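Grab a pencil and open the viewer. We're going to work through a few exercises on one structure, step by step.

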Amino acid sequence: MNAPSCTQTAVLILLGPPGAGKGTQSRALERAFGLIQLSTGDMLRAAVKAGTPAGKAAKAVMEAGGLVSDEIVLGVLAERMSQPDTGRGVILDGFPRTLAQAEALDDLLALRGQCVGAVVSMEVDDETMVARVAGRFTCATCGEGYHETLKPAKMAGTCDICGGTDFTRRADDNAETARARLATYRQQTAPLIGHYEQTGVLMRLDAMQDIAAVSRDLVRMVEPVIRKGRSGGM
Ligand code: ADP
Ligand code: ADP
Ligand code: ZN
């Protein structure tokens, strides 16, 4: 049997520890290329807020900086992937985080005649990661991400993107939980770097640079994959 042929849709994965800039760069790619950002963290936070069974099961694990069960995460992701807008191409932000999730993703994509087009490993050092997470806040209206010192709003108190004036901070964005999340990343998620290196789709990105420089490098890396996907040649 031939290797599965992957058609049309770009499937990109941003891999990196908390604070690497996955959310920031996913949103930039979404705006630049019309792809859809799929953040399992955002989906789980929405489930916690809505008080669904998945959200109730996930809440304490998320507050402790551990990983929510593969079963729950795959459930929320598969449901979102079943919506038609994902046909435009997706950026997976924060998924997969375990080898089992990576395998389940391959199965889910195979059913759609798709496969992973590129995995970008966003590399930052530990102190940077903690500092980025500790100063992070988000527009409550449109979800745009900010940082107290590294990316303040142009006009203090007003979102650059939507003009909203309500902002939120994540319960897990404190230095202590950030360190727990980093340990979880090293143990359970970092092995995916080797996994995707073996499958030939891994690219490494210096995510210590400023946001614009990271964007520039990222676009250079993923643009050929997106174009190839759109021309049906993946
Ligand atoms: P992740 O989704 O990987 O956890 P975010 O994109 O939310 O990371 O970024 C974490 C914090 O760091 C946010 O406050 C964001 O504004 C800021 N940030 C993101 N990328 C950079 C960068 N390259 N340089 C400085 N600050 C950044
Ligand atoms: P960050 O932006 O800091 O990398 P996320 O928003 O992606 O964090 O995730 C927040 C939390 O949600 C994680 O610490 C974890 O508890 C849970 N989570 C998100 N995605 C997954 C996943 N793919 N598998 C297991 N748990 C997840
Ligand atoms: Zn906004």
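This is a predicted model: local features need pLDDT of at least 70, side-chain atom pairs count only at pLDDT 80 or more; totals for chains, interfaces and linings use all residues.

Residues are numbered from 1 along each chain as its sequence is written, chains are lettered from A and ligands numbered from 1 in the order in which they are written, and side-chain values use heavy atoms, with hydrogens and water left out.

**Exercise 1.** Work out what surrounds ligand 2 and how much of it the protein covers.

*Solution.* Start with the neighbours, meaning residues with a heavy atom within 4 Å. There are 19 around ligand 2, and the closest are Lys22, Thr40, Gly66, Gln101 and Arg181. Next, sort this shell by type: seven are nonpolar, five polar and seven charged. (Nonpolar here is Ala, Val, Leu, Ile, Met, Phe, Trp, Tyr, Cys and Pro; charged is Asp, Glu, Lys and Arg; the others, Gly among them, are polar.) Helix α2, residues 40-50, supplies the largest share of the shell, four residues. Helices (H or I, at least four residues) and strands (E, at least two) are DSSP runs, numbered from the N terminus.

Now look for polar contacts, which are pairs of N or O atoms within 3.5 Å; within protein, one must be able to donate a hydrogen and the other to accept it, and residues adjacent in sequence count only if both atoms are side-chain atoms. Side-chain polar atoms reach oxygen atoms of ligand 2 from Arg97 at 3.0 Å, from Arg136 at 3.2 Å and from Arg170 at 3.1 Å. Finally, the cover: of the 560 Å² of accessible area that ligand 2 has on its own, the protein hides 96%. (Such areas come from the Shrake-Rupley method with a 1.4 Å probe; for residues, only the protein chains shown count as cover.)

**Exercise 2.** Is Thr189 buried or exposed, and what does it touch?

*Solution.* First find Thr189: look in helix α7, residues 175-189. Its relative accessible area is 3%, so Thr189 is buried (buried is under 20%, exposed over 50%, partly exposed in between, using a 1.4 Å probe and protein chains only). Leaving out residues up to four places away in sequence, Thr189 touches Leu15, Pro96, Arg97 and Thr184, where contact means heavy atoms within 4.5 Å. A polar atom of the Thr189 side chain lies 2.8 Å from the backbone oxygen of Arg97. Check Pro96 too: the peptide bond from Phe95 to Pro96 is cis, with omega near -5 degrees.

**Exercise 3.** Which residues form one aromatic cluster?

*Solution.* Rings of Phe, Tyr and Trp (its six-membered ring) pair if their centres lie within 6.5 Å; planes under 30 degrees apart are stacked, over 60 edge-to-face, the rest tilted. Phe137 and Phe167 pair edge-to-face, at 5.5 Å and 80 degrees. Tyr146 and Phe167 are also edge-to-face, at 5.9 Å and 80 degrees. Tyr146 is in strand β6 and Phe167 in strand β7, so this pair ties together parts 21 residues apart in sequence. The cluster is therefore Phe137, Tyr146 and Phe167.
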